[in-house]
Amino acid sequence: MPSLSIRFVRRDDFDKWLPLWDGYNAFYGRSGATALKREITDMTWSRFFDAYEPMHALVAEGDGDLLGLVHYLFHRSTTAIEPVCYLQDLFTAQAARGKGVGRALIEGVYEKATLAGSPRVYWQTHETNVTAQQLYDRIAERSGFIVYRKLF
């Protein structure tokens, strides 16, 4: 495993970030006919560099390659004064899986949340994502909440 660093995404990372983003979306069934529109990808990317947006991106880099990504945002809550941190997207390149990249990315978010004074970091995963749950169960606790949604 190459030496690993976790850092904020940079504008010149787009061409290396995009395959990871596409892989993340494909994992959740958003590819081919169900792929996200390019305008959504472009808007997502631009939000990382807009100081008025609460959305952020970290990447795992090893020997000049991007090995993973994590996107997170801060939002208000009715149960805290400080903004809470929602870890929205996490993806590790296939060749880097099982080598600590996902854990390092989550710990990177923990660090940024702590610096922001956030009282918690939370995320969700699909119930079939049992491989990721093995990691999540070691570094966080299950909240017991069930997610409901209505699509429009």
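In helix α1 of this predicted model, the buried residues are Phe14, Trp17, Leu18, Leu20, Trp21, Tyr24 and Asn25. What covers them? Part of the cover on the buried residues of α1 comes from α2 (38–47), β3 and β4 (80–92).

The length of α1 can be checked. The helix has 14 residues, and at 1.5 Å a residue they should span 20 Å. The end C-alpha atoms of α1 are 20 Å apart, which agrees. Just after α1, glycine 29 takes a positive phi of about 85°.

**Aromatic rings**

With ring centres within 6.5 Å as the cut-off for a pair, the count comes to 14 aromatic pairs. One of them joins tryptophan 21 and tyrosine 24. This pair is stacked, with 5.9 Å centre to centre and 20° between the planes.

Where do these two residues sit? Tryptophan 21 and tyrosine 24 are 3 residues apart in helix α1 (residues 14–27), so about one helical turn separates them. Tryptophan 21 counts as buried because its relative accessibility is 5%. Tyrosine 24 is buried too, at 7% relative accessibility.

Another pair is made by tyrosine 110 and tryptophan 123. Their ring centres are 6.5 Å apart and their planes meet at 40°, so the pair is tilted. This pair links distant parts of the chain, 13 residues apart. Tyrosine 110 is in helix α3 (residues 101–115), while tryptophan 123 is in the loop between β5 (121–122) and α4 (130–139).

Are the members of these pairs buried or exposed? The cut-off for buried is under 20% relative accessible area.

| Residue | Relative accessible area | Class |
|---|---|---|
| Tryptophan 21 | 5% | buried |
| Tyrosine 24 | 7% | buried |
| Tyrosine 110 | 25% | partly exposed |
| Tryptophan 123 | 18% | buried |

**Strands**

Now to strand β2 (residues 55–62). Of its 8 residues, 7 are buried, so β2 is largely enclosed by the rest of the structure. Which strands pair with β2? Strand β1 (residues 4–8) is joined to β2 by 5 bridges, and the two run antiparallel. Here leucine 4 stands opposite glycine 62 in β2. Strand β3 (residues 65–77) is joined to β2 by 8 bridges, again antiparallel. Here alanine 57 stands opposite histidine 71 in β3.

β2 and β3 form a hairpin with 2 residues between the strands. In this hairpin, aspartate 63 takes a positive phi near 50°.

**Nonpolar cores**

The largest nonpolar core has 21 residues. Which of them touch the most other members? They are Leu87, Ile106 and Val109. At least two residues of this core come from each of β2, β3, β4, α3 and α4. Helix α3 gives the most, with 5 residues.

Valine 109 shows how far the contacts reach along the chain. Leaving aside neighbours within four places in sequence, valine 109 is in contact with Leu58, Val70, Tyr72, Cys85, Leu87 and Val121.

A second, separate core has 17 residues. Its members include Leu18, Trp45, Leu69 and Tyr86.

Terms used: Residues numbered from 1 in each chain as written. Predicted model: local features only at pLDDT ≥ 70, side-chain atom pairs only at ≥ 80, totals over all residues. Heavy atoms only, no water. Phe/Tyr/Trp six-rings, centres within 6.5 Å; stacked < 30°, edge-to-face > 60°. Helix = DSSP H or I, 4+ residues; strand = E, 2+ residues; numbered from the N terminus. Buried < 20%, exposed > 50% of the residue type's maximum accessible area, 1.4 Å probe, protein only. Pairing = 2+ DSSP bridges. Expected span 1.5 Å × (residues − 1). Contact = heavy atoms within 4.5 Å. Core = buried A, V, L, I, M, F, W, Y, C linked by side-chain atoms within 4.5 Å.
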